[in-house]
Amino acid sequence: MFRKILEKIGFKRSEEGFFEGVSGAISYSSIESGGVFRKRFEYFVKDPDTYTAIMSLTSFIVGPGFHVSGDEKAVEIINRFNRVVGMDQILFKAVCEMLWAGNSFWIRIYDGGRLIDLKHIPLTFITAIHRDDSKIVALEVQTITGQVLKIDSENLVHFYLIKHGGEVLGSPINRPLTEPRMVYDPDRNACYQIPSYYDIKWSMEWAMWRVLMKYPPRHIYRFPRIGGETQREYAEKIKSMLPGEDIVTNQEVDVIQVKMDPRTRFDAYIEYLDNKVTLGLMTSVLRLFTKPGFTEASAKEANRLQDNLVNAIQRNVKRIVEREIYDPLLESHGLNPETSPVRFNWGLPEKPKIELEDINRFYATPPHVEPAINRDEVRKMLKNLGFPIMVEEGKSENRESKHRIIEAQNSIIVQFVKSDEVDVESIKDLVIDSEKGIRLTLTSGSGSSRIAAITFDKKKWPKWSRKSVERWLNENLQLIEETLRR
């Protein structure tokens, strides 16, 4: 899979088994083993405490969703890219790997010079990490077929939690639980290695399993007066007995119960190790599930403190997405991220809560002030609030087909009746807004009046334009026509 991806973005296989452009000898680099990821993956998927903590923390971080804000054109490009690649799924996987492995690697895929996709590099496939003093230079990846590929860092997206010291790889949140420690014995002048907390925990669970298997309720049945074939028959019957069944016999029998020493107690050791594991995983979820005395007040305080960790990880992911994904994406579309900035924001954009007072404030303005919303928008808002209003779809398009707008230097005329259809003797003018210079021309026919034209005088109201006239018609024409029909 990776070979095809790399070939698609321009790398060709060389004789040494790597890809040209990424397999050159780097004399100043050092190589670190990628086997650490396989061990961390094992701790993640096989330890219930770790799996629960990592998945819960990942949900806290990614669960609120995200949205992009900034330059309109740039946001449109990024939103389209997010839909194509499934950015929400990418973020969930990347954050999850950041927590249990400390790192998550993705390749930027280009087609025709444009960034079109992100491909994931499974951490357990990584066999070596090439680095210099401050960054990763390349990754060696072994595919399912056994082929080893070397991937240059040029198109690499690296999510990481935090780097310590001179390390180029990030550290998982449970790192103190995964690594062995050294202790010095001054009496013997020797150093000894203490296994990792995970190894101690798993060894303790293995010992507990051995104890449980060694000391279940057991009984010894002794028949002092029988032997031979009869004794073997009794032995077979006892072996096939179900729990709760009794033996009925007229023979003398002694029953001896094998018990475990009740003085053997491991509670303090287990609690100590359990506390260390909970601290190392940095989440209160385990306490909520397992600690009977963990009260609601304690849970709220623990969640409040954990929110700080969640926010810190979210800010880290935000910067990586903006810097290593969105900036190259905009550049591949010919946009400058500096002049067309975008921001990755956690959480969905909040929609304002609309009240009746808000609608009235934006629509009921004085005659000389143009309202912020038109009549159709008001009707739709009222319908969304639950009022039984039938919104007339396509009304503006039908009305536009019935009139013609003529724009002159000093006026704009909306003509509803053709000139040859107008009875000149029946024409009368009606000024309906002297401040804005709106004049209505009516013509009579068949016992009723109808609108022949509406004139908007630019001398009295210089702001009149084709767009503002259309808006005025949408808001007022229906009411005027209903009044004339009365």
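1. Basis of the note. The structure is a predicted model, in which local features need pLDDT of at least 70 and side-chain atom pairs count only at pLDDT 80 or more, whereas totals for chains, interfaces and linings use all residues. Residues are numbered from 1 along each chain as its sequence is written, and side-chain values use heavy atoms, with hydrogens and water left out.

2. Overall make-up. The protein contains 15 helices and 18 strands, these being DSSP runs numbered from the N terminus (helices are H or I with at least four residues, strands are E with at least two). Of its 486 residues, 38% are buried, where buried means under 20% relative accessible area, exposed means over 50%, and partly exposed lies in between (1.4 Å probe, protein chains only). The accessible surface comes to about 30000 Å², and carbon and sulfur atoms hold 52% of that area; accessible areas come from the Shrake-Rupley method with a 1.4 Å probe, and for residues only the protein chains shown count as cover. Among contacts with a separation of 6 or more, 61% are made by residues 24 or more positions apart, a contact being heavy atoms within 4.5 Å.

3. Nonpolar cores. A nonpolar core is here a set of buried Ala, Val, Leu, Ile, Met, Phe, Trp, Tyr and Cys residues joined through side-chain atoms within 4.5 Å. The largest one has 58 residues, and M87, F105, F159 and Y326 have the most contacts inside it. Helix α5 (residues 87–101) gives the most to this core, contributing ten residues. Another core, of 19 residues, lies apart from it and has F456, W464, L473 and I480 among its members.

4. The whole structure holds 16 salt bridges, each defined as a side-chain nitrogen of Lys or Arg within 4 Å of a carboxyl oxygen of Asp or Glu. In one of them, the side chains of R131 and E32 meet at 3.2 Å, N to O. Because R131 lies in strand β5 (residues 126–131) and E32 in strand β1 (residues 30–33), the pair ties together parts that are 99 residues apart in sequence. R131 is buried, at 11% relative accessible area, while E32 is partly exposed, at 27%.

5. A salt bridge between helices. D49 pairs with K201 in a salt bridge whose closest N and O atoms are 2.6 Å apart. D49 belongs to helix α3 (residues 48–62) and K201 to helix α7 (residues 197–214), so this pair ties together parts that are 152 residues apart in sequence. K201 counts as buried, with a relative accessibility of 8%.

6. A network with a pair inside one helix. Salt bridges that share partners join K39, E42 and K46 into one network. Within it, the side chains of K39 and E42 meet at 3.8 Å, N to O. K39 and E42 are three residues apart in helix α2 (residues 35–46) and are therefore separated by about one helical turn. K39 is partly exposed at 37% relative accessibility, and E42 is partly exposed at 25%.

7. A loop methionine. M282 sits in the loop between α9 (267–281) and α10 (285–290), and its relative accessibility of 37% makes it partly exposed. Leaving aside residues up to four places away in sequence, M282 touches I173, Q306 and L309. The C-alpha atoms of M282 and Q306 are separated by 7.7 Å, although these residues are 24 residues apart along the chain.
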